[in-house]
Structures are given as C-alpha cells and as structure tokens.
Amino acid sequence: MTALKIRVGAIPRGKSTPLFLDLFCRSLIILCTFLSVILSSIAVCDGHWLLAGRHMFGLWYFCSLEEQQGSVLGSQSFKASSNCTRHLEEAGVDGLGVGLPACRSVIALAVVSAIFGLELLVMSQASEGRDSSRRWTFGARLVLLAGVMAAGGIATFVLLLGAFATLLGFTLTFWCQFTATFLFFLNGMVARHIQHIEPLLPFSGHSDKL
C-alpha cells in the first residue's frame, strides 16, 4: 500500500491535457480569422464600394454608368461604360485623389497584418510552453491591429464620400469588408482574453484527489 502511494505521488502534474473546449475555441478563432482575411481580400481586390446615381466609387477606379433600356417589360439597367479612370480627383470630390489611395493602403496593410497574425495563431498550436503562448499573444495583437486599421480605412471612405453615401448605395464588397473588420475585432479580443481565461479552467490531467 505504501509503494502504491509513492508511485501515485511521482506522477508529474505539470503536464496536463487541455480541455476540448479550449481546443475548440482556438480552432474557431483561427477559422474565423481565415474567413475574415478572405472577405477582406475580396473587398480590396474588387474595390467597387459605393454606387451613387450613375457613378461608381471604388478604391481603385471611378466609373460613370450609362443607362440601358431592357428588353423584358421595359426594365432599365445600368452598366459601366468605358469611362473609368484611376484619376480619382476627376470625380469632383475634394480630397478624393489623396484620401482613397490612403484608404486602400491602410486596408491592404490590415490584410497583411491579419495574415501574419493568422500564421502565428496556427504556429502556436504546433508548439508548446512559452513559445506557444507568445506566438498566440502576438498573433492576437496583429489581428486586433488589423481590425483597427480596417476600421480606419472604412471610416475614411465613408467620410470622404459622405455626401453620396446611402445605406442601399453600398455594394456587397463594402459589406464584406465591414463584416471582415468586425470579425478582426472580435477574433482579436477573444484571442487575447482566452489566454487569461485558460488558467481558470480545470484540466483533465489534474486530479487533486490522488
């Protein structure tokens, strides 16, 4: 009986198996961050964010639209003419030639920050100890930084084109970027706080009754 007690006491308690809930939350954060990067990349590459009347305002181009009479029930539709230009100052909006390049640069940097943050979050799951914790923390900060920069880019776009902006005028790609920005914030905050919540959770490898 004495030998049995000595053997049980020699079992190391430092190595504990993490809970399924912890692994599930981390995997969900990584998955949502990956989806956010995809959405933000699509929004930046497409760049057509606002339709105002017969004008399309984008991160890369300013286009004039021409109206066409449809063949079905006299319906009307718009299509982009060849009058698209990258000289955004020709749109007649003050500060657009400088503001939109700055806007797309900030959002592009946000995507880059999120990609590096996602890489660190994934790498942290392949390591253990302090290295894993540091990589996860730094990755969470990069994702949160991506959210801040993306929010700044969206705010700049809306402020520059506030006179033309309407809720229904924003395109699907704009709402993709809006959703990605929200997910950047959410994933970054949750990833930061999960490090503080984890020590409070019980582990399956701990057994104080032995």
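## A helical protein seen through its rings

The end C-alpha atoms of residues 142–161 lie 29 Å apart, and this span is 95% helix and 0% strand. Helices here are DSSP runs of H or I with at least four residues, strands are runs of E with at least two, and both are numbered from the N terminus. The model is predicted, so local features need pLDDT of at least 70 and side-chain atom pairs count only at pLDDT 80 or more, while totals for chains, interfaces and linings use all residues. Residues are numbered from 1 along each chain as its sequence is written, and side-chain values use heavy atoms, with hydrogens and water left out.

Let's look at the whole protein. It has five helices and four strands. From the N terminus on, the elements run α-α-β-β-β-β-α-α-α. Of its 210 residues, 35% count as buried. Buried means under 20% relative accessible area, exposed means over 50%, and partly exposed is in between (1.4 Å probe, protein chains only). The accessible surface of the protein comes to about 12,900 Å², and carbon and sulfur atoms hold 66% of that area. Such areas come from the Shrake-Rupley method with a 1.4 Å probe; for residues, only the protein chains shown count as cover.

How much of the contact total comes from residues 24 or more positions apart? Among contacts with a separation of 6 or more, these pairs account for 68%. A contact means heavy atoms within 4.5 Å.

Now to the rings. The structure holds eight aromatic pairs. Rings of Phe, Tyr and Trp (its six-membered ring) pair if their centres lie within 6.5 Å; planes under 30 degrees apart are stacked, over 60 edge-to-face, and the rest tilted. One of the pairs joins W49 and F157 in an edge-to-face arrangement, 5.1 Å centre to centre with 70 degrees between the planes. This pair links distant parts of the chain, with W49 in strand β1 (residues 48–52) and F157 in helix α4 (residues 129–160), 108 residues apart. W49 is buried, at a relative accessible area of 0%, and F157 is buried with a value of 0% too.

Another pair is made by F57 and F164: this one is tilted, 5.1 Å centre to centre and 40 degrees between the planes. F57 lies in strand β2 (residues 55–58) and F164 in the loop between α4 and α5 (172–197), so the pair ties together parts that are 107 residues apart in sequence. Are these two residues buried or partly exposed? F57 is buried, with a relative accessible area of 2%, whereas F164 is partly exposed at 35%.

Ring pairs also link W49, F157, F170, F174, W175 and F178 into a cluster. Elsewhere, R26 lies over the face of W136, 4.5 Å from the ring centre. A charge sits over a ring if NZ of Lys or CZ of Arg is within 6 Å of the ring centre and within 35 degrees of the ring normal.

At 1.5 Å a residue, the 27 residues of helix α2 (residues 20–46) should span 39 Å, and its end C-alpha atoms are 39 Å apart, which agrees. The expected span is 1.5 Å times one less than the number of residues. Just after α2, G47 takes a positive phi of about 80 degrees.

The table gives some C-alpha distances.

| Residue pair | Separation in sequence | C-alpha distance |
|---|---|---|
| G188 and T33 | 155 residues | 8.7 Å |
| C32 and L118 | 86 residues | 9.9 Å |
| L31 and L118 | 87 residues | 9.2 Å |

G188 is in helix α5 and is buried, with a relative accessible area of 0%. Leaving aside neighbours within four places in sequence, G188 is in contact with A140, V143 and L144. C32, in helix α2, counts as partly exposed at 22% relative accessibility. Not counting residues up to four places away in sequence, C32 touches L183 and N187. L31 is found in helix α2 and is partly exposed, with a relative accessible area of 45%.

Finally, a record. UniProt (unreviewed entry) places the feature "transmembrane region" at residues 20–44, 105–122, 142–161 and 167–186. UniProt positions are given in the numbering used here, feature names are shortened, and annotations may be inferred rather than shown by experiment. In the model, residues 167–186 are 75% helix and 0% strand, with end C-alpha atoms 23 Å apart.
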